[in-house]
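Please prepare a briefing on the fold of the protein chain shown below.

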Amino acid sequence: MDPNNYTKSYYMANQNQNQNRPMLVSKIGIIGAGVSGLAAAKQLSHHNPIVFEASDSIGGVWSHCSYNSTRLQSHRRDYEFTDFPWPQRDNPNFPTHFEILNYLHSYAHHFDIFKNIRFNSKVLQIRFSGNREVTHFSSLLPGQPVWEVAVRTNNSDTIQWYEFEFLVVCVGKYGDTPKIPSFPHKKGPQIFKGKVMHTLDYCKLDQEAATELLRGKKVVVVGFKKSGLDLAMECARANQGPEGEACTMVVRTLHWTVPHYWIWGLPFFMFFSTRSSQFIHERPDQGLLRTLLCLMLSPLRRGISKFIESYLLWKLPLEKYGLKPEHPFVEDYASCQMAIMPENFFSEAEKGKIVFKKASKWWFWNGGIEFEDNTKLNADVVILATGFDGKKKLKTILPEPFSSLLEYSSGIMPLYRGTIHPLIPNMAFVGFVESVSNLHSSELRSMWLSGLVDDKFKLPSVESMLSQTAKEIEVMKRSTRFYKRHCISTYSINHSDEICKDLGWSSWRKKNWLSEVFGPYSIQDYAKED
């Protein structure tokens, strides 16, 4: 059944039961208690927001969609709240997801965020109750409710409605709604005699159950991004010894991977994460001189990409296994798709425990999967590492016409300052625009959002916001063919500058201009003006 029709039927069936339940009213509601939800709740804590979390714990994907072997992809210093450092003792540079969850729990306890969170509270529907003409960002806290939110707690039959003046959506792009490939008629999973699951289901298994699923089985992993790479490694570890079976990775689109964050002895941040490095990349609203400079430096941009590619081809046997991407490295960086290769990954490939099959089209047969070249692959287990559909998740709860405006008009959600949709009033989205460090971006945007709610600055007109987001999207299109991932990595420092300028933060803590221009960028470099 269509989820929207199911929702309507559910409400009609429960209308009489819930019509006498009082509507609970609060100023600000936050949907989701992942990293972005925690950041928003902390920055808006003086408004005592209500945070709805569908599960029984905080952490988002770190809690509900991580494998036993999952680790942080970036250094922990790049995944740290500005006012809550990682404990120095016994913490590795690339923490496990258990260590990340401990850090997030400590953060939530330290800032007393748990008191605002309603666990096991699933948002089923959102209704707009304001006047679009009057409400449209004239005041984010207008003194009367604008949004109504239906919440079901602990899978009960009872729906509780809440009213809010302002709503912050932090459900993210990952972890809830799997993206399942489409298949030709009668060639889908239903004809396969083995087991089919998405990584969303696999990550719910404990270590013993996961090992039991993989050991001695012919496993096919569809996908070649981080979740697929980690899964192939877990499969290889479960199949050590002569009795173990090989794991086959079906590779549809190749992407560059890195073994670590050093390139020919130089730290990776020098190439992309300094102010000087961002001069070689286009950014929105750049003037004529900046445009000419960017054009003059375009050979340097291509040269840096080639320089990094040369190291990766020397360090990793990509060409040996036919895993060299056709697109330049900088396009993966510009779309936030750069992943760290799991340790000993190619050692397992060398032993035959991981094999690769490149194919753009495939489907099921009763004994496994079949490819467009008419070859067949026997399989016992097929695991789809095919990603998630975050926009579908949003569309199931947002009402019309707002649901149809999510991708207005380029297929990408237009978010001013990565947060405000110009056509959806009194609502913010945190955690949907990716960057080099999603935690830092979510925290900074939450700070900006808090300042906006508190009337420390005003939004420009709807037309100006749409124009700005259109310029950003055009820059993404010119930077990478994978622009629909909505990543701002190539102009993230400029993006942060604009946000901090709105907040009145324009002083620098850098001790000298050399460290300012050539040192690694951090939000903590900003200081409020007196």
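Buried means under 20% relative accessible area, exposed means over 50%, and partly exposed lies in between (1.4 Å probe, protein chains only). By that definition, buried residues make up 53% of the 530 residues in the protein chain. This is a predicted model, in which local features need pLDDT of at least 70 and side-chain atom pairs count only at pLDDT 80 or more, while totals for chains, interfaces and linings use all residues. Residues are numbered from 1 along each chain as its sequence is written, and side-chain values use heavy atoms, with hydrogens and water left out.

**Overall make-up**

- The protein chain has 18 helices and 21 strands; helices (H or I, at least four residues) and strands (E, at least two) are DSSP runs, numbered from the N terminus.
- Of the contacts in the protein chain with a separation of 6 or more, 71% are between residues 24 or more positions apart; contact means heavy atoms within 4.5 Å.
- The accessible surface of the protein chain is about 24,500 Å², and carbon and sulfur atoms hold 51% of that area. Accessible areas come from the Shrake-Rupley method with a 1.4 Å probe, and for residues only the protein chains shown count as cover.

**Parallel sheet and its helices**

- An open sheet of 5 strands runs in the order β7-β18-β8-β9-β14, with parallel pairing. Its edge strands, β7 (195-198) and β14 (354-358), each pair on one side only. From one strand to the next, the twist averages 20°.
- Two strands pair if DSSP finds at least two bridges between them; β8 (residues 219-222) and β9 (residues 247-251) are joined by 4. Within this pair, Val221 has Met249 of β9 as its bridge partner.
- Helix α7 (residues 207-214) lies across β7, β8 and β18 (381-384), at about 125° to β18. Helix α8 (residues 226-238) lies across β8, β9, β14 and β18, at about 165° to β9. Axes are lines fitted to C-alpha atoms, for helices over the stretch in contact, and angles run from 0 to 180 degrees between N-to-C directions.

**Antiparallel three-stranded sheet**

- The order β15-β16-β17 describes an open sheet of 3 strands with antiparallel pairing. β15 (362-365) and β17 (376-378) are the edge strands, each pairing on one side only. Neighbouring strands of this sheet are turned by 30° against each other on average, direction ignored.
- β15 is joined to the antiparallel strand β16 (residues 368-371) by 4 bridges. Trp365 has Gly368 of β16 as its bridge partner.

**Strand β5 and its partners**

- In strand β5 (residues 147-153), 6 of the 7 residues are buried.
- Strand β4 (residues 121-128) pairs with β5 in the antiparallel sense over 7 bridges, and Val123 is bridged to Val151 of β5.
- Strand β6 (residues 159-169) runs antiparallel to β5, with 6 bridges between the two. Here Glu148 is bridged to Glu163 of β6.
- β5 and β6 form a hairpin with 5 residues between them, and Asn154 in the turn has a positive phi of about 55°.

**Nonpolar surface patch**

- Trp264, Leu266, Met270, Phe307 and Trp314 make a nonpolar surface patch of about 510 Å². Patches are made of residues with over 30% relative accessible area and no salt bridge, with like charges joined within 9 Å and nonpolar side chains (Val, Leu, Ile, Met, Phe, Trp, Tyr) within 5 Å. A salt bridge is a side-chain nitrogen of Lys or Arg within 4 Å of a carboxyl oxygen of Asp or Glu.
- Leu266 lies in strand β12 (residues 266-267), and counts as partly exposed because its relative accessibility is 33%.
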